Amino acid sequence: MSRKSKWVSPGAVLLGLLATTGSAVGLSENLYHETVQPFLETYCIQCHGPEKQKADRRYDTLGNDFLDRDSIGLWQDIVDLLNLGDMPPEDEDQPSSEDRIAVVDWISGELTEAYAHHKSNNQNTVLRRLNRAEYNRTVRDLLELQSLLVDPTESFPPDETVENFNNIGSALITSDFLLQGYLDAAETYIDHATKHGKQPAVQTNHFAAPFYKARNRRDGKDVAGEYQHIRKNTTDQDGFMWLEKLEEGVPESGYYTFKFKAQAIDRVYPYPESIVGTRKDEPLRVDVIAGSREYGELEFRTASDKKVAGFIVADNQPEWYEKRIWLDKGYQPRLTFPNGPNRVKPLRKSLVRNYPDDFQDFIHNWTIPGDGLYPYPIEEALTRQIEAEDKKIATEVGRVLSTDGTSRKFNKTDGWASFYRGYNGPRIRVFEVELEGPFYESWPTPSYQALFGNYQPTIENAERILRRFASKAFRRPVQQENLDILVQLAQSKFNAGATAFEALKIGFRAVLCSPDFLYLQEREGRLDDYALATRLSYFLWSTQPDQELLDLAANGKLTQAGVLEAQTKRMLKDDRARAFTEEFTARWLELYKIGTMPPSNKDFKTYYVDGLEHSMKKETQHFFDYVLKNNLPVSEFLDSDVTFVDGGLARLYGMKGINGPNFQKVSVKSDPRRGGLFGQASILTASANGIDTSPVIRGIWVLENILGKPPSPPPPDVEPLEPDVRGATTIRDQLDKHRKVETCYECHRTIDPLGFALENYDPIGGWRDHYPRRGEDGPLIDASGELPNGTEFQGVGEFKEALSERLNQFTTCLTEKLLAYSMGRTLEFTDRPEVNGIVQELKASGLGMQDLVLLVVQSEAFQTK
Amino acid sequence: MHTKRINRRTFLKSTGVAMALPFLESMGPMSLKAVGASAKTSAVGSPMRMVCIGNPLGLMPDSFFPKGAGKDYEITELLQPIARHRNDFSVMSNLDHDISGGHSAVHAFLSGIKDQDASDWPEGNISVDQRAAEFVGARTRFSSLVLSPGKADGDLKCKLSWTRNGVNVPPVTRARDLFRALFVQDDPALLAKRQSAYDVNESILDAVNSQAKILSQQLGKTDQEKLDEYLNSVREIEKKLGMSREWLHKPKPVVDLEEPREGSFTYTVPAFYELLALALETDSTRVASLGIPGTIDTADLGLSGGYHGFSHHGKAEKLRQGLLIIEKYQVSQMGRFLDRLKSIQEPDGQTLFDRTMVLMGSGMGNGSSHSNMKLPIILAGGGFKHGEHKVYPTESHKRVPLCNLYGSMLQRFGLEVDQFNKGSGTLTGLEVA
């Protein structure tokens, strides 16, 4: 890469800051008139003045009033861009480095004083409610119902987001829809938690093949009384093997031992992988997915589906597979074939046409000449005889649905069976199934004890029981006034005829709907120990503080020297810190978008066949964990020698010799295409739309999440580009207008190059040297670009090098994201000095990710409302 | 990260009062005692209804908009499925909301205002159907029905209906659920359970409301305003519980229709339309919206590939053909719905079609380019003068807001309003017959 213009090293800025703090007003005024103002006039005003206001910025009216908040924002912008060398633009006159340094120093000094002045007016976290994920984790931990399948929060309105974060107090709304949701959810959760009475007896259920009647897609190779097959993917219609004998589900919620005997058949099958999809060198797998008849037919995917187990199935002989699973009342376990063939209808067409000899019975009895399934030329059919057959099948099937564009298909039961008799593709052969339970960790259950403790459920114990539960739920001792309301509620229900047990349940439900539970309790100023414990546990665990934290808070020990640091380290080692990895990466890197625009099954078959949607998120989570747990420098995110892959991702990345669903660490030292965030499929998928890539969208992703400099929104009157895939023009050619038109160029010079660097990655993160075009390679991809400060790069390897020179900028961005996420508020300009302070301290100690988390926790911002 | 955000919900305080009025007015002795036919005919003629149909990916402009203007326009390929109704609908060109954002602006189809801009407007980003629903209040069992045949997430979800509090109304996605809500009598044991469930919830709301008042006194001003959302929600639910209680004891209408089963897209869409026609006929509701999600299973239409994928045709002919099939299906189903409405007689002699405004369109003008300008709009029924292709100006200072159409529709519905959201008035060229 080459560099054309001079730029100031961050070291000079630091010196500048130290030198000018405490400068006298008079000296500052002189400097402004003698040095700064002329600087602006020479290098800035012609584009940011009375005639033109590029990027909506105007500096001639700026003055040197640092008491005005808007001015402060503009000045901070100026000093940031001068420091990066992004301004003045490449092709304009450049100031000498002495002038540049002098101006940067002056502005930085003024800003320091300005921030100190404005600090007393800074933003607080607004009363912050638990978001949906936090609510669920909290209730489940509070009531010891972690395994519960039913999720009453599914009907909650989605959480409001700001800058991709869904835990920002000021943005999260409580509407009547949501409150009604809380009322209903509380009822469901408390009902589940208050199982009592006699412990249900353990029952054993044995199931023999066929486990369900496979209606019109019956497999002709099934043998009644011996085995039944699963032969299609979970995501294909009716891809579930369910237990018809247990249609209503288990009669009691609890743990069950689930066993089944199965064998993988024809993993190495006689057709090409391109037709069937299932990988011949990957073990066949079975997933166990619980579901409830309430939500729909058990043979199909339903809204109640929850995966409870997964197995690799052996080829050579039948084996037993077993797991202890939790089932809610009314649910049953179903077996599916996650890496089985997807979309069997087109599969059938392909096989019948390409291997007609295997399917003679099917062709002669179940296809119509002229129909897509009939593999021979139509002239070969005996016309008169076939016409009569045609009419016969049409009247037997009944009135054929005829809407614009629907083609006719004949799906009689034995038709499919006939096809499957000739089919030698991969199958899971299931021989027997057994289900035994319910079992409990204790009786009464841990949930019951979480609610009642050791107290008897009488009305005399109402105050004791409710005080204990409400204090746990409210994450601090409940106030007497508040408790009285709850006791009064239970008492009045009891007086009106309810049993004590019912009355207490109503009290519990009220606790879960109380604002003291739903909102984090933080008062102005320094957070008290309970508020700090809560903020800390929602930061690192997305759930309520545990007993150890609460005990420290109760004794006022949380803020003592070293305690907060020790607790943070403990919490990061705890299993619950998984929530931090999952939630923070989902929000910072926009991974929550994955799955909302699923790619085409035809163009990106591997996304489904290899289960990439799930795997790619896991890769980034493993990687984040690796950097965090080992306290590695945050520069690893920009480029790294290491990543984590399973069989599917290894295939996507062109790595040989890795199979199966387990993740392993791999070295990518020799492959600049992978390593660091930019090479990870998750980021590349989240920043595309499932169909094509856009350098603008990806460029914005980099600006917002890596460089912390989100661009201004596009002007409302710009007509968007209509992509034209017919011609030879690439997206780069089409975006040419961004360079040719001045008003576009201002913003797009910072956006487009970042996206071009990533153009070699397709919409699911696979590498491509050419753009796709039907049947052949399209134009060669040009992934070169130039950053606003003149640094040029050819492709992603050099791009990552160029970015590593902006490590300071990245660290600042990451710090800001982490702070916002930890506090539940977006940052204000008055937070800038503290952010800078954290970044400086982190640099001095080696940029470790875990050190960054510790610095955030110990910061004044985190410990203040 | 340094932009300052306006507190989005400071206007909530006033809405509590504003919302009460239409409801209180409608809770007079007339509306709540009678059910079905008698309530309907005691008004002058039968009441107006409003149905809004949308999708998130648009209708292909080249195949949708006719060439000529006025009465003698040539029927285009996408209008072909409803050609038999041509004297009873109007197709409109060059209307939109003057916003941009592609997928992220589509949800503003029925409001004109993007979700994130809601706090700048006095009525938030309320959609035209919800505005009408507020007006109806408790006069019908359901103030509105929000429907969507199929689930979706993110940008491909069809988010048509918005309340004035900025909440997207979650749709009913299963025909079976809609059937049960409309026509299945709850048995007395279930009714008693519901009644006592309402009692319990009311007591809980009472208790938490008191707790909130205690909490409020301990908070600073900004937090108090935030907590007001909670307090307002309590009040809203108490109001709704009150209304639900009233309806609890009224019998539901009896219809000659079997409960629909779970089915494919091409089964569910006609099922929804049939239920909707019956819901309107029995005055179970007077307002509905139907959103086609961007994630429908196109295999039901004999295609392979996702709806979203087809909409990104990039001018490739095979993909355009696929998209046409999907869009024609949607239009033809709407056409059958219009047939159905025309076949239903109201007590006052008019057809249900004459008393129902049917709007069909999208917040996406061109799915391939992601433009939100020049939206596809069809308006049918409602007793307006139809049969024309209305072409509105394209010059930037002469553009007509789509919200003007909504203003006309709301007036026709019975509201005394001058304009709606971003509109400047009613739509010129649209007259009552």
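Modeller: Buried means under 20% relative accessible area, exposed over 50%, and partly exposed in between, with a 1.4 Å probe and protein chains only. Strands are DSSP runs of E with at least two residues, helices are runs of H or I with at least four, and both are numbered from the N terminus. This is a predicted model, where local features need pLDDT of at least 70, side-chain atom pairs count only at pLDDT 80 or more, and totals for chains, interfaces and linings use all residues. Residues are numbered from 1 along each chain as its sequence is written, chains are lettered from A and ligands numbered from 1 in the order in which they are written, and side-chain values use heavy atoms, with hydrogens and water left out.

Now to strand 1 of chain B, residues 49-55. Seven of its seven residues are buried, so the strand is largely enclosed by the rest of the structure. Arg49(B), Val51(B), Ile53(B) and Asn55(B) point one way. Met50(B), Cys52(B) and Gly54(B) point the other way. Both sets are buried.

Next, the neighbours. Two strands pair if DSSP finds at least two bridges between them. Strand 1 of chain B pairs with strand 5 of chain B, residues 356-362, in the parallel sense over seven bridges. There, Arg49(B) has Thr356(B) as its bridge partner. Strand 4 of chain B, residues 287-291, also runs parallel to strand 1, and five bridges join them. Ile53(B) stands opposite Leu290(B) of strand 4 of chain B.

Chain A holds 33 helices and 15 strands. Of its 865 residues, 55% count as buried.
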